[in-house]
Amino acid sequence: MERSFGLRNRSWISLCSALLLFFGPRASAQIRYSVPEEVKDGTVVGNVAKDLGLDVSSLGERRFRVVSETNEAVFEVNPDNGALFVHGHIDREQLCQGSGTCLMELKVLVENPLEIHYVVVEITDVNDHAPRFPKNNQTFEIGENTLPGKRFQLHSAHDPDAGMNSIRTYTLSANEYFDINIRDSDEDKTPFLVLKKSLDRETKKEHFLVVTAVDGGKPQKSGTLNVNIVVLDSNDNRPIFSQEVYQIHVKENVELGTVVFTVNATDDDEGINGEIEYSLGETLKQNVYSLFQLERLTGKITVKGSIDYEKVKQYELGIDATDKGTPSLTGECRVIIKIIDENDNAPEIDVTSLSNTVSEDSKPGTVVSLIRVKDKDSGVNGKIIAHITNNVPFELKPSYKENTYSVVTKDFLDREEVSNYDITIKASDCGEPPLSTTKTLSIHILDVNDNSPQFEQNPLYFYIVENNVAGTSLFSVTATDKDKNENADISYNIARTGHDKDVATFLNVNAENGHITALKSFDFETLKSFKFQVVASDSGTPSLSSNVTVHVFILDQNDNAPVILYPVSSNGSAEGVEELPRNVNAGHLVTKVRAYDADIGYNGWLLFSLQEVTDHSLFGLDRYTGQIRTLRSFTETDEAEHRLVILVKDNGNVSLSATATVLVKVVEPREAFAASDVKSSAKDAEDTNVTFYLMITLASVSALFIISIIVLIAMQCSKSSTDYTSKYLQDTNYDGTLCHSIQYRSGDKRYMLVGPRMSVGSTIVPGSQANTLVLPDRRRPSEEVNVIHTDNVPSEDFSDWANEPLIQVYFGFVN
């Protein structure tokens, strides 16, 4: 048997190879083997890997295996050599009930990349069962007047084997009265006992025969039936049916008690010999008795069990009609019941292989899962249509094999938009009404580093106060990354230009949190603003990065005391001597104290006051200009020399000050003429230069003022949602060394305009080309001064100025 199996296996492999060469790719996906039942565990059926052309060395890594649809796997593959071998007991009669070809379809699966192959194994039969009759004995009562040729149906033997190993013939023990006749049908062979010549009860009352059923196996196996013939007196007409075979159709799931057919037989005898009773044959399959019932007197066939087309598609009933004569005569017929399929089974969805993760950079067409749909119904009721019901970037691709699909990506994926998908697959049959089944697959999207870190704003603007403590954190920058895990782990560093004057050399950034630390203290009078770039890089592979430009503006502190420019004596002290004729009138300009403060804004806004004076009624000091004038004319009683001590202080929160001393000597008019002539010539030259500079300054200030007004009006008009009423207001609260300022009101906010810096102490930041605005709020002296730099501020950002309570902009110059 092993030699025969080997020869058949090699012949079958040769036939498959020829078919593969002839049919090409369509036939290359399926391999067929043959193996007899009852072989030992471990018997090799064939080398699947070799026949499929797979690399044997990679079978273990690719998880080479057989996928079974049942709990008991009959076959397995060896991942070391690719051989398909028997794994368990093979009983053909248990696996494939019936006499047809027994085929088992196996799915062989390999991964990385995912491949599925179909292998068909034919289970060949061996003669492991002997024929067997349902009963050991059978008795017939035959009238002596029975004519030769009368047939009597014997019990049919049953052999689970198939083909040549099933029942081939029946034999009868030697006798002179009876012979055996066999009727072949599609399912089995039915033996009949045939009377060769008439019986003679007076000669012999009983006959004992032995019927033997023999199969076609080698060696043959057989079973026996003991037949007892009882000879009776004559009842010479038997019941006869209108036809020998009836065929009817019954729908499955028919209600219990439904009459599906009525048989009718006639008997020409009269009286008791013509009364007929119906009965089911004794040799029917056991499940027929549990499904159908025959009424004894009427011949009605009713349903008493559940009829399922998917279990059995056809039933064959043998019906006997027996009269009540002595001996009774029997007629027989067959009723073939064909079951009509109903759409009573919903489709089933079987996930053959599933990868529940897919990378977001996967190309369209990437296979995610393999599924198979099936329906137990047949015909149109078993025709299945499958599709994905929800809106997801996946689709079903049909395979070459019917009812097999691949779930593939149909669009590019983005984990930052959707991190996981639930794919709902619906399978519907084509029955009426259609039945359907849904199954949901959960797919998680794996992140790749496809997003660079992003700053919320670019550029960034920060304001710090001068004289900061070196080594302390000034501010921080923060970037976000839409990726996750290490792809979103951000580190910061400062971009270096490599120049000697790179301001980034005295800055340090914390790589983890973006905190910026200054390595030195800043001085507003030396450095007013600078910019640098911070680079944010993620930890992905490859790493992605982005940068942001950071503008830093240094805010002024009141750290410079006023410096007296005039008077200054020859030894450098703030002291001067002025000679004044006695005959001057009230309001005469004695002299003017000039001062300078390196700070700006309020910190450089200087106020003048008299600390000491010999006669308060004689001299007066202008608080803002530092001019000293006479309050009245001199009298004879006034002293000839007066000492004035002037205090000059700035307007910072902590005010700093300086003092100047002016000695005024009152002289007679003639004595003052000579000195006044010399002074007047110098004075005229100085006044001429000052006048020239004042004219240029006023012209520049006026032009800038007009341009600023136009820009502000245009900005307010662009805000269509707000109705602003613009008007000029007189400033009543300013003080300092500036001689003039203009305020502008828009809505409920006030703006004060600043012109170019004309001299030290102005509110214009040096080097800014007149584009830095100093925004103090005197109502909040404890808060820092806000500085807005307009070099790189977009026009729409000016709308944020409305949040400031008061923006003062000064036009003017130092007196």
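What share of the contacts in the protein chain with a separation of 6 or more is accounted for by residues 24 or more positions apart? In this predicted model, such residues account for 66% of those contacts.

**View 1. Overall content of the protein chain.** The protein chain contains five helices and 55 strands, and buried residues make up 45% of its 815 residues.

**View 2. The aromatic pair of Phe 241 and Tyr 278.** Among the 16 aromatic pairs that the structure holds, the one formed by Phe 241 and Tyr 278 is tilted, because the ring centres are 6.3 Å apart and the planes stand at 50 degrees. Phe 241 belongs to strand S15 (residues 240–241) and Tyr 278 to strand S19 (residues 276–280), so the pair ties together parts that are 37 residues apart in sequence. Both Phe 241 and Tyr 278 are buried.

**View 3. The aromatic pair of Phe 394 and Tyr 421.** These two rings are arranged edge-to-face, with 5.5 Å from centre to centre and 75 degrees between the planes. Since Phe 394 lies in strand S28 (residues 394–398) and Tyr 421 in strand S30 (residues 420–429), the pair ties together parts that are 27 residues apart in sequence. Phe 394 counts as buried at 2% relative accessibility, and Tyr 421 counts as buried at 12%.

**View 4. Phenylalanine rings and lysines.** One aromatic cluster is formed by Phe 506, Phe 522, Phe 530 and Phe 532. Lys 520 lies over the face of Phe 506, at 4.4 Å from the ring centre, while Lys 528 lies over the face of Phe 524, at 4.7 Å from the ring centre.

Methods: Residues are numbered from 1 along each chain as its sequence is written. This is a predicted model: local features need pLDDT of at least 70, side-chain atom pairs count only at pLDDT 80 or more; totals for chains, interfaces and linings use all residues. Side-chain values use heavy atoms; hydrogens and water are left out. Helices (H or I, at least four residues) and strands (E, at least two) are DSSP runs, numbered from the N terminus. Buried means under 20% relative accessible area, exposed over 50%, partly exposed in between (1.4 Å probe, protein chains only). Contact means heavy atoms within 4.5 Å. Rings of Phe, Tyr and Trp (its six-membered ring) pair if their centres lie within 6.5 Å; planes under 30 degrees apart count as stacked, over 60 as edge-to-face and the rest as tilted. A charge sits over a ring if NZ of Lys or CZ of Arg is within 6 Å of the ring centre and within 35 degrees of the ring normal.
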